[in-house]
Structure formats: structure tokens, C-alpha cells
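Please open the model in your viewer and keep the selection tool at hand. The tour moves from one selection to the next.

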Amino acid sequence: MVFRLDRYLNECDSTLTRKSAKALLHGGCVAVNGKVCKDAAHKVDTECDTVTVNGKMLSYVRFRYFVLNKPAGVLSASRDKKTKTVVDLIDGIGDICFPVGRLDKDTDGLLLITNDGALAHELLSPKKHVDKTYIVTCASRISEEDCVRLQNGIDLGDFTSAPARVRILDNENNILAMTITEGKFHQVKRMIAAVGSEVTHLTRVRIGGLWLPKDLKQGEYKETDGGSLRAVLYPEAPDGEDDEERFLRSYL
Ligand code: URA
């Protein structure tokens, strides 16, 4: 494949954004076939050119990124000989891709599938505090006091959850939106159990700035590229409160 040099840098190392790639190029840190190259538009052929950054050779691996609307009943795991997994829902990706984190078998909604370990690590690291928002249907009413307990962080025995954002969306049907920055096993279900109720339906609708696309039916997916995905995952400015409420209600 042939790429512009700035795109090639990003393809080889997804943490190199256009901006940081440009800085490296301007700084004379990038060489193509042994010669310093400062031209972002220089064409690089992945088959025969070698590119180094500060003397270190880059190797090109094609990163792939899929945004899936996971249906309930499918396992969030890499390929498995016995059980159908989320990776089986994506055509022609072989065994190289894996889901970024896990949704329970009975949870539906937004899941990323990729072979980009660096991005997966960033999104899953508790230190990065990436928001994950769920629409949570509960078996019984969640009171305002319960919401405050959930918001403050709740003792789950083996750990205390970090503060969550909780918003009641439909009081009649016990539906709320909960945003957490961690991803412990069964975390949302355990938090709801800790305030005396039970989750009857769980849908993830957001990771960072990426909302579950409204045109993706359950089981459907879209492929995207690393640059576009990062741009939506980490938006420059957070959505306004009103926008968030409007988006959340649109999933009911
Ligand atoms: N929390 C849960 O309890 N289950 C999920 O699938 C995701 C978050």
C-alpha cells in the first residue's frame, strides 16, 4: 500500500496524531530509506520503503477498527472454537482482532473491535478515565438517594466504585443512564444491586466521545480508520449537558 508519510506514521503508531507526526517531520526526526524527509505528503510504499523515527525503524501493520452494535447472546471475546463471539460477527478479519473490553453476554450496544493494542490499552486503563455510558433498565425504582449513592461511589465489597454520573431518564419504567470510568466485571449490575435493585436490560451507548450510531442495528458494524475514531473518541470539547440528555433519550 502507498500512503502519505504523515498518514504512514499514524498507521504504524496510532499514538502519533497528525499534529505530532508533523512536529517529528519538521524536527528532522523522520528518514525515508536513510534520508531525512520533512515532506508530510511524500509517498511511502509499505512494500519497499523503510521509515525510521529518531533512528528507530517503524513496521507497518494494518490496524483495523470496527464499531459494532453487539447483540445480546454473543460473547465479548476473541474467536472461540465452541462459542459464537463478537469477532465472528465481522466478515473476513481472521484471528487478529479482539474486542476492546468486555460486555456481558446479555448486554447489548457499543463495542469496538480492533487489532490496535495501544488504543485498546488507552481506552481500558482506569488511569485514563474514559467515560462509558449505559442505559440501565432496573427491576424496581431507583430513588434520588440511590442516585446520590451511585454518584458518590459505592462500596462493592472488593472495591469502591469511582464516582459515577447518574441521570434518571424514565421514572415510570425505572430507566436511567449511568456513566462510569472503570470497567470492572459486572460493574453496573453490581452497583445497581448495591442499592437494592437488579438490572433487567443493559445497553452501552457511549465510549468517550463516540456514541452508538443510530443507524447500526444489533449485529451490524461499521469499519472506520484510526484517525477518525480517535477524533470522535477524544473530542476537543465535551458535549454540553443538553446535548447529552437529548442523545440519551434518543436511545429509549
Ligand atoms: N457493567 C455490567 O454489569 N455489565 C456490562 O456488560 C458492562 C458493564
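The stops below cover the ligand and then several salt bridges. This is a predicted model, in which local features need pLDDT of at least 70 and side-chain atom pairs count only at pLDDT 80 or more, while totals for chains, interfaces and linings use all residues. Residues are numbered from 1 along each chain as its sequence is written, and side-chain values use heavy atoms, with hydrogens and water left out.

Select the ligand first. Its surroundings, residues with a heavy atom within 4 Å, are Leu103, Asp104, Thr107, Tyr134, His186, Gln187, Val188, Lys189 and Leu202. Next, display the backbone of Val188, where an N or O atom lies 3.1 Å from a nitrogen atom of the ligand. At Lys189, a polar backbone atom is 3.0 Å from an oxygen atom of the ligand. The protein buries 96% of the 240 Å² that the ligand exposes when taken alone (Shrake-Rupley method, 1.4 Å probe).

Now select Arg7 and Glu11, which form a salt bridge with closest N and O atoms 2.7 Å apart (a side-chain nitrogen of Lys or Arg within 4 Å of a carboxyl oxygen of Asp or Glu). Glu11 counts as buried at 10% relative accessibility, whereas Arg7, at 35%, counts as partly exposed (buried is under 20%, exposed over 50%, partly exposed in between; 1.4 Å probe, protein chains only).

Move to Arg165 and Asp131, whose side chains meet in a salt bridge at 3.4 Å, N to O.

Notes. Polar contact = N/O pair within 3.5 Å; in protein donor to acceptor, adjacent residues only side chain to side chain.
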